[in-house]
Each structure stands twice: as C-alpha cells, then as structure tokens.
Amino acid sequence: MSSDQTQHRVPQRCSFCGKPYGQVKRLFSGHDAFICNECVVLCADLLQNSPEEVESDELTALPSPAEIKGFLDQYVIGQEGAKKTVSVAVYNHYKRINYALAQQKKQRFGSEQEADVELEKANILLLGPTGTGKTLIARSLAKFLKVPFTIADATVLTEAGYVGEDVENILVRLFQAANFNVGKTERGIIYVDEIDKISRKDGNPSITRDVSGEGVQQGLLKILEGTIANVPPKGGRKHPEQAFVQINTSNILFVCGGAFDGLDRIIARRMGSKVVGFDSEKKLIKETDAEIFSHVTPSDLIDYGLIPELVGRLPVSAPLEPLDQAALLSILTEPKNALTKQYQRLFEMEDIALSFEPGALKAAVEIAQQRKTGARALRSIFERAMLPIMYDAPSRDDIAEVVITAKSIRGEADPKIVKRSSKRAS
C-alpha cells in the first residue's frame, strides 16, 4: 500500500481541538496542519478581545509637563526645580515611546521610510539629603501616569553569580507589579534607591573584585540603556531548566536616587575659587549651602565613585534641597497624604475629632530638624506621641475630641481629651 493511500485513510482532525472532520462544519487545511471553523471563531474572538492589543491610556493621553508638576505639587512640598526637571524628563520619555509606536504603525502599513532622528532614553538621577522626597516623587509619577512601579534597594544587589540579589531581579518585581503583563512592564518605572551606596571607594577603577559596588554598577548598565533581559517570572537565581520571560528595558524609565553624603565636599572643593552669578561681590560655594547639589557635574559623580558609563546613562539630574522649617510645617498639613489629615481620618472612623495645636506642629518640626532626617522623622515623632491615645480610644466611648499639644509631642504630657456630654445619644 502506498504512503499516499495510507495518508488518505488517516482521519483528518483539527490540529487545535482534535475534533475529526465529521464533527465540525468545515476543516481548513494548511501545511501539515488543520483548523476547524469553531477554532477559527475562537481565535478571532481572542484577537478582538485580547488586552495585549489595547494601547494603555498613559500613552494615548500623555499629560503635559505642567500637568505632571501640578500633580506632584499635591504630594511633594517645595523642590520646585526638581519637580520641573523630572516633569519635563518624564514627558519626553513617554513622548519618545509614542513616537516609536507611530513609526511602527507607519512601517506596518507599508511605509518603508526610516526615522531620520533616533530618540535615546534619558533616565533620571535624584540627588539630595534623606527625607527630602526622592522616593515620593517617583511613586507619585507612577500613580499619576498609571504605570507599574517598583522600588529596588541598590544595597542588596550583587553581581551575577554571587550571594545576594541579581540586578535583573528588579525587573521581576516590576513584572509582578504589572500583573505579569509584559507590555505594561516595558512601560513601567523602576526607582533604584541608595544608588550612592554602590559607589567605588574612590574615583580609581577597582583592581580586586567588588561584587556589591562596581560590579553592581556594571550590571545595571545594560538594563538602564536598553536590552532584552531573560528573567525568571517568580524571581530567584537562574538555572538552565527554568522558563524565562523576555523583557525589553528600552522603554522602562529608571529613576535612581541617593543622599550622596560627601558629594557636597567634592562640589565645594571644585567650585571654591569660582564666582557664581553676575554680582560684583564674589560668592564662594560652600558645602553647607542648600543649593550646592544644583552645581553637580558628571565629573563630581565620577569622583564620588560612580563609574563613567553609569553616569552617562543617567543624563538628567534633579537635585533636591534640604527642607527648612516652613517646608516641614507645610508637609504636615497641605499634601493629600499629610500626616495630620491621615490621623484625623483614622480618628473619624472612631467617631472622634482630632485637632493639633500650632505649637504641636512646630515642636514636631524642631525635633525633626534635630534628627536631620527630613520629613521621614515626622511620622515616627507623631507615632510615639499618639500611641497611648490610639491604644485607648477604640475601647472608650466617652471621648469626643483629642487635642495634640506641644507637650504631648515632646513626651512631657498626654494629649488633651474632651469627653462627650453626659446626655450622649444612645
């Protein structure tokens, strides 16, 4: 019997669902494969309703730099220069993505013309003392643009093959934050905190292996610039038999932040003999000046210990100034996530009014300035002062109002309690 006759007697089945010819209306044949009419309808429905094909809102309705800064103003007090710099950089970043998508559509519809200008990605470096709002700026950006966001701590990263966390694992966290959607992951934002802690001990190249400093900087280079990384979906170390997900980092915006303790001395040493401005009087830059980080140059970062290649991949630098007393007072009352508003809402849930005397806010600011940790100290100050009343209030029904005083903030007295009327409604 010939092979053709044998093949003719084999029942033709759909290569997808396995149903034979007699159980379907139509069976379309291809190269060594068949597909039935039912599977054709199912595939058409998947193509029409697939979420991967729907362009995300943050790309089609890109806000202007002024709108981005306006949103940041609701959460970040002060830092006007840094917010403007970041707003423009983020706008240009996603405008670049829109431009690339437009070019792809032109090529898809038969246009062979290549782009005459190639737009490169510009990652952002935030410099400033601790507690000035670096992480808050990055988190607020992702919230406003509705893109996946994750925070990575540079201090726990090590070079591939050593004990610690691989550099590419930060992509895994973003992939998980995007609900395992590759398309959304590739348009997300990653904030790399404590980037200054992986600097070299000096500006000279290291001779010995530095797996948590210069080695990590080398590992960050490719993903910051743009590469296709093979990452394990669940994280952990790579091994040969593991399934990987390919993520293109070309459109992922990296925001790196650090306090860069000691960088002010490098800048002051470089600019100590230079004149700033056009005044007749010479103004020397000192390391105690609040605006000293605004004079940073790539050479200063290299002298601090960042490798030149990494500095080149962070072309946009946004310095943040230390927060003064007025800014700290505003942080307590003005933003949407202000601490006073948060505590008042928590007490409202217990049907208790909460108020703060002006002296209490001033006392908290003075303590925060003594600790020299910026706005980060404010939360711990209020938590310590309000712990007793937050412990007692849920189990008492006679409290109508709680007043936080300066003495209660300093730990010298308990908060004032206003009790309900004896004729309290049942």
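Mentor: Contact here means heavy atoms within 4.5 Å. The model is predicted. By that cut-off, Ser 140 touches Phe 71, Leu 72 and Tyr 75, leaving aside residues up to four places away in sequence.

Trainee: Where does Ser 140 sit, and why is Ser 140 called buried?

Mentor: Ser 140 lies in helix H6. Its relative accessible area is 4%, and buried means under 20%, so Ser 140 counts as buried.

Trainee: Which other residues of H6 are buried?

Mentor: Besides Ser 140, the buried residues of H6 are Lys 134, Thr 135, Ile 137, Ala 138, Leu 141, Ala 142 and Leu 145. For the whole chain of 426 residues, 40% count as buried.

Trainee: How do you know that the length of helix H9 agrees with its 12 residues?

Mentor: H9 covers residues 214-225, and at 1.5 Å a residue it should span 16 Å. The expected span is 1.5 Å times one less than the number of residues. The end C-alpha atoms of H9 are 17 Å apart, so the span agrees with the expectation. Helix H6, residues 134-145, also has 12 residues and reaches 17 Å, close to the 16 Å expected.

Trainee: What comes just after each of these helices?

Mentor: Just after H6, Lys 146 takes a positive phi of about 60°. Just after H9, Gly 226 takes a positive phi of about 135°.

Trainee: What do the buried residues of H9 pack against?

Mentor: They pack against helix H7 (169-177), strand S8 (253-258) and helix H12 (308-312). Among the buried residues of H9 are Val 216, Leu 220, Leu 221, Ile 223 and Leu 224, and the list also includes Glu 214 and Gln 217.

Trainee: Why are helices H14 and H16 called roughly parallel?

Mentor: H14 (residues 339-348) and H16 (residues 376-392) pack at an angle of about 20°, with their axes 11 Å apart. Angles under 35 degrees count as roughly parallel, so H14 and H16 are placed in that class. H14 passes H16 in a right-handed crossing.

Trainee: Which residues of H14 and H16 meet?

Mentor: From H14 they are Leu 339, Gln 342, Tyr 343 and Phe 347, and from H16 they are Leu 378, Arg 379, Phe 382, Glu 383, Met 386, Ile 389 and Met 390. Eight residues of this contact are nonpolar, one is polar and two are charged.

Trainee: How many helices and strands does the chain have?

Mentor: There are 17 helices and 12 strands. Of the contacts in the chain with a separation of 6 or more, 67% join residues 24 or more positions apart.

Conventions. Residues numbered from 1 in each chain as written. Predicted model: local features only at pLDDT ≥ 70, side-chain atom pairs only at ≥ 80, totals over all residues. Heavy atoms only, no water. Helix = DSSP H or I, 4+ residues; strand = E, 2+ residues; numbered from the N terminus. Buried < 20%, exposed > 50% of the residue type's maximum accessible area, 1.4 Å probe, protein only. Axes fitted to C-alpha atoms, helices over the stretch in contact; angles between N-to-C directions. Parallel < 35°, antiparallel > 145°, perpendicular 65-115°, else oblique. Left-handed = near helix turned anticlockwise from the far one by under 90°. Nonpolar A, V, L, I, M, F, W, Y, C, P; charged D, E, K, R; others polar.
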